[in-house]
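Here is a short report on how two chains meet. Look at the structure first, then read on.

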Amino acid sequence: MNKRGTKGLNSLFFIALTVVIFGFFYYLYSFKPLIILYLPFLLQGTVATIIISLVSIVLATLLGFGGALGRLSSYVPIRWLATLYVEVIRGTPVLVQLLIWYYGFGNLLSSLGFNPYTIAFQLMTVLQNNSLVPDSFNGFFYGVIGLSFNYGAYLTEVFRSGIESVPRGQSEAALSLGFTPWHTLRRIVLPQAIRLTIPPFTNYFITLIQDSALLSTFAITELEQQTYALAFPQVDANKKLFVFVYGALFYLIICYPLSLLARYLERRMARG
Amino acid sequence: MNLTHQDFLAFLGGARDTLIYCAVSFPLALFLGLILALMSGSHLLWLKTPARIFIEVMRSTPMLTQLFLLYYGVGAVLVSFNLAQYDNAWVAGITSLALNYAAYEAEIFRAGMLSVDYGQIEAALSLGFTKRQSFLRIVLPQAIPLMIPPFVNDFIYMLKDSSVVSIISGTELTAVLSAWVSHHGSNPFAGYALAIVLYLLLSLPTSYLARLLEQRLRANL
């Protein structure tokens, strides 16, 4: 095709794109009463999703850092333990892990007298805020633990490859200059390793947010559960479909900017 | 140990269904991914923009959301058009696995093709190769070994992600596990251990095979 033809097609394309975008907004607009009615519920779910994700990523980072040190440790049992952790977690679905944490360990521990909900409730009673503890606190607790352990394994590999990317000669030089091993790690290795780990870390954070939707199977009122609960009673098929689209838009609004950030960071790191 | 022979067979059947889900969805995802990659590499906005929008939306929403949207949302619309026989877990599960993974495979195809130095295509063209020949004979043979490890990785991810189908009453390994646990709630850990072992048996040999294949393909270059 010649150049002028392409140009004409392109300008036609922008017209078509505008029409499609307006069409989509009209589709949303035609469900205006539903949008206004359901917005507070979905916003509440979004807040829950964000809180779950933030708490989980912090715990997962700690676990991942510990795991990476374990895999690089010179003690064989520790190294094996860390490798076993990573391989088992990465070889099994996160949904199965969550079921094991919530139904398996949750029921086992509660039969042994450990109930996170009661403990949180009593703690908050002392602070006179026990109404803040949700009824499904056990689900939150084991869900966050399950997500943290799962992503801890993936981050272990991220941190390990980051630490290994720093040439061995540098830590040898630091040690021979009289740095302690801890100082070598903190002052020499980590500052260089972190640069490499930031882009994959951001990507795993995005998948963590998406996987937190699986907590809806424990009836935790996060975004997916709220969407499902609002959509399920709809009799009209079009309204039902719309509520699912509406819920998906919230995930899109959270995750898309993050993935843009991840790509920007990747490009910056690639430039050095 | 409260696992009977029958339970064991049920778990194996679940593992078989997990494999069926993936064996059907993954080729579909590869095919769609190749089309998406070619579209998003095109200069024509008509092809490029829809592919980019599809990829970004798929990668920015959870698999579970897409599955619910297809199974309950689109399913309800299908029923209203008298197409209720297509509203089942197999169709919804395979469709959403294929569409979701197509977006990720497209990125792998694109990265693989971009990894071949453009100078090589120029050299091939100047030696009289046609465009198609230079793509099939020069670019692809070098790009494929680079793409195989991420493909196999994604296949393993799919083996694990197919567990989500159990939430919409699909009958794969996780669904068998959940059903078994609901009968043996007092001591479910034998079932959990069996499910973990089966998932590991599915995923670890695959990743070993991938490493082997990668080495051989690299040696052939």
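## Interface size

How much area is buried between chain B and chain A, and what part of it do carbon and sulfur atoms give? In this predicted model, about 3700 Å² is buried between the two chains. Carbon and sulfur atoms give 76% of that area. The contact involves 39 residues of chain B and 45 residues of chain A.

B:Glu56 forms a salt bridge with A:Arg263, and their closest N and O atoms are 3.0 Å apart.

Several helices of chain B each supply at least two residues to the side that touches chain A: α2 (45-60), α3 (63-80), α6 (131-161), α7 (173-183) and α8 (189-220). Helix α3(B) gives the most, with 10 residues. By class, this side of chain B has 24 nonpolar, 11 polar and 4 charged residues.

## Aromatic pairs

Over all chains, the whole structure holds 39 aromatic pairs. Take A:Phe13 and B:Trp46. Their ring centres are 5.3 Å apart and their planes are at 75°, so the pair is edge-to-face. A:Phe13 sits in helix α1 (residues 3-29) of chain A and B:Trp46 in helix α2 of chain B, so this pair joins two chains. A:Phe13 is buried, at 5% relative accessibility. B:Trp46 is partly exposed, at 33%.

Chain A also has a ring cluster. Ring pairs link A:Phe24, A:Phe25, A:Tyr27, A:Phe31, A:Phe242, A:Tyr246 and A:Phe250.

Terms used:
Residues numbered from 1 in each chain as written. Chains lettered and ligands numbered in written order. Predicted model: local features only at pLDDT ≥ 70, side-chain atom pairs only at ≥ 80, totals over all residues. Heavy atoms only, no water. Contact = heavy atoms within 4.5 Å. Buried area = accessible area lost by both parts, 1.4 Å probe. Salt bridge = Lys/Arg side-chain N within 4 Å of Asp/Glu carboxyl O. Helix = DSSP H or I, 4+ residues; strand = E, 2+ residues; numbered from the N terminus. Nonpolar A, V, L, I, M, F, W, Y, C, P; charged D, E, K, R; others polar. Phe/Tyr/Trp six-rings, centres within 6.5 Å; stacked < 30°, edge-to-face > 60°. Buried < 20%, exposed > 50% of the residue type's maximum accessible area, 1.4 Å probe, protein only.
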